2 protein chains.
Amino acid sequence: MKVLPEVVVKLIDYFESLPGIGPRTAERLSFYLLRTPASFRSDFSKLIGGLEKEVTLCKHCFNISSHDLCAICESQGRDRETLCVVEEPLDLIAVENSGYKGLYHVLGGALSPLNNIGPDDLHIQELIDRVSKGDFKEIILATNPSVEGEATAMYIKTRLNNYGVKITRLGRGLPVGADVEFADSQTLARSFEGRKDY
Amino acid sequence: MKVLPEVVVKLIDYFESLPGIGPRTAERLSFYLLRTPASFRSDFSKLIGGLEKEVTLCKHCFNISSHDLCAICESQGRDRETLCVVEEPLDLIAVENSGYKGLYHVLGGALSPLNNIGPDDLHIQELIDRVSKGDFKEIILATNPSVEGEATAMYIKTRLNNYGVKITRLGRGLPVGADVEFADSQTLARSFEGRKDY
């Protein structure tokens, strides 16, 4: 028998459809919301419903933005000769937090033939256009070190080869805080390749 | 510098304030929402904003409900002589899924002097009233097997002692699928106390 009101069941379903949220967490979140002040729910609800009007993609770099150009593309304080290519806006945030000061280009994903994602589904042509028009000295390929990310980096490198711009790829090796004993063989091999004078 | 539009930052904050959601998950959920169809966000938003109007507490058992009386209290198919006392609506759902067919009483929490939660903060008086007026044969105390839950069960038992109704407490012992080797000593002691003819 239906123990819960229809709206609560629906709310649980919606929460459950979000990534990383299982049925129990969805229940817990829904019941938590039931106990929050009405003002919290109303603000939260307006934020979600209003994303459409408030958020768009930057025309230059395809980062999410509240205007035609995002804060980074508009800023005068950035190094405009370096372009970092990432898969998703979340990657951009991670790179930004690491202290990078140049510009970005968000691809919107990575090449993945298995999922029918080809070059035309990503903002790759726009990247080529930017590079051909811009005064970039270095393009840093910061796609993920996964099969898809590597394939995407390789593809972009091929497309950009004739533009006389330096193309680099993020360094690979042991992450900070890691343990040599537990590092996988590929990571360890990469960290040998990438060893530096000390 | 601010990399993200204000609304997205706020949305991340709201997600982060929910229980069990850390900063990274909050980011991931917010970015996921940005990519969902506008109709998904609009429906989700309406559900959250509309909880106020759609959901109330059942007048009898204090389960969440869309009417004055919840589906269980209204149903004619339940065993109306058995009353199961639980702390929260989520406990009710768990008990319901275990196949219980009687009625419920949701306390709205457990006694917790450290958090200033006394008998008057829970629906205990309403429970006494229901028992004194009703034809219940058995009251099953299904509060959590925690310090607070035990104290609450004990308190309720004392208050109900004079009403000539059978009072039981949920059985304790090894959970299904558990390992004797790894069971904590208290649980094991309880499962010895609760051993049955085989």
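Which residue forms a salt bridge with Arg41(B), and how far apart are the closest N and O atoms? Glu52(A) is the partner, and the closest N and O atoms of the two are 2.5 Å apart. Keep in mind that this is a predicted model.

## Salt bridges across the chains

That pair reaches from one chain to the other: Arg41(B) sits in helix 3 (residues 38-54) of chain B, and Glu52(A) sits in helix 3 (residues 38-54) of chain A. There is also a salt bridge between the side chains of Arg41(A) and Glu52(B), again with 2.5 Å from N to O.

How many salt bridges are there between chain B and chain A? The count is four. Over all chains, the structure holds 16 salt bridges. As for the general idea, side chains of opposite charge can pair when their charged atoms come close.

## The interface as a whole

Now zoom out. The size of an interface is often given as the accessible area lost when the parts come together. Here, chain B and chain A bury about 5100 Å² between them, and 79% of that lies on carbon and sulfur atoms. On the chain B side, the residues that lose the most area to chain A are Val3(B), Tyr14(B) and Ile48(B), which together account for 13% of what that side buries. As for who takes part, 50 residues come from chain B and 50 residues from chain A.

## Helix 3 against helix 3

Two packed helices are described by the angle between their axes and the distance between the axes. For helix 3 of chain A and helix 3 of chain B, the axes come within 8 Å and cross at roughly 165 degrees. With angles over 145 degrees counting as roughly antiparallel, these two helices are therefore roughly antiparallel to each other. The crossing is left-handed.

Which residues make this contact? From helix 3 of chain A come Ala38(A), Arg41(A), Phe44(A), Ser45(A), Ile48(A), Gly49(A), Leu51(A) and Glu52(A), and from helix 3 of chain B come Ala38(B), Arg41(B), Phe44(B), Ser45(B), Ile48(B), Gly49(B), Leu51(B) and Glu52(B). Sorted by class, the contact has eight nonpolar, four polar and four charged residues.

## Another meeting between chains

Helix 2 (residues 23-35) of chain A and helix 5 (residues 89-97) of chain B have axes that come within 10 Å and cross at roughly 145 degrees. Glu27(A), Arg28(A) and Phe31(A) in helix 2 of chain A meet Pro89(B), Leu90(B) and Ile93(B) in helix 5 of chain B. That contact divides into four nonpolar, no polar and two charged residues.

## A pair inside chain B

Finally, look at helix 6 (residues 124-133) and helix 7 (residues 147-160) of chain B, whose axes come within 11 Å and cross at roughly 40 degrees. These helices are therefore oblique to each other, and helix 6 of chain B passes helix 7 of chain B in a right-handed crossing.

On the helix 6 side, Ile124(B), Gln125(B), Leu127(B), Ile128(B) and Val131(B) meet Tyr155(B), Ile156(B), Arg159(B) and Leu160(B) of helix 7. By class, this contact has seven nonpolar, one polar and one charged residues.

Methods. Residues numbered from 1 in each chain as written. Chains lettered and ligands numbered in written order. Predicted model: local features only at pLDDT ≥ 70, side-chain atom pairs only at ≥ 80, totals over all residues. Heavy atoms only, no water. Axes fitted to C-alpha atoms, helices over the stretch in contact; angles between N-to-C directions. Helix = DSSP H or I, 4+ residues; strand = E, 2+ residues; numbered from the N terminus. Parallel < 35°, antiparallel > 145°, perpendicular 65-115°, else oblique. Left-handed = near helix turned anticlockwise from the far one by under 90°. Contact = heavy atoms within 4.5 Å. Nonpolar A, V, L, I, M, F, W, Y, C, P; charged D, E, K, R; others polar. Buried area = accessible area lost by both parts, 1.4 Å probe.
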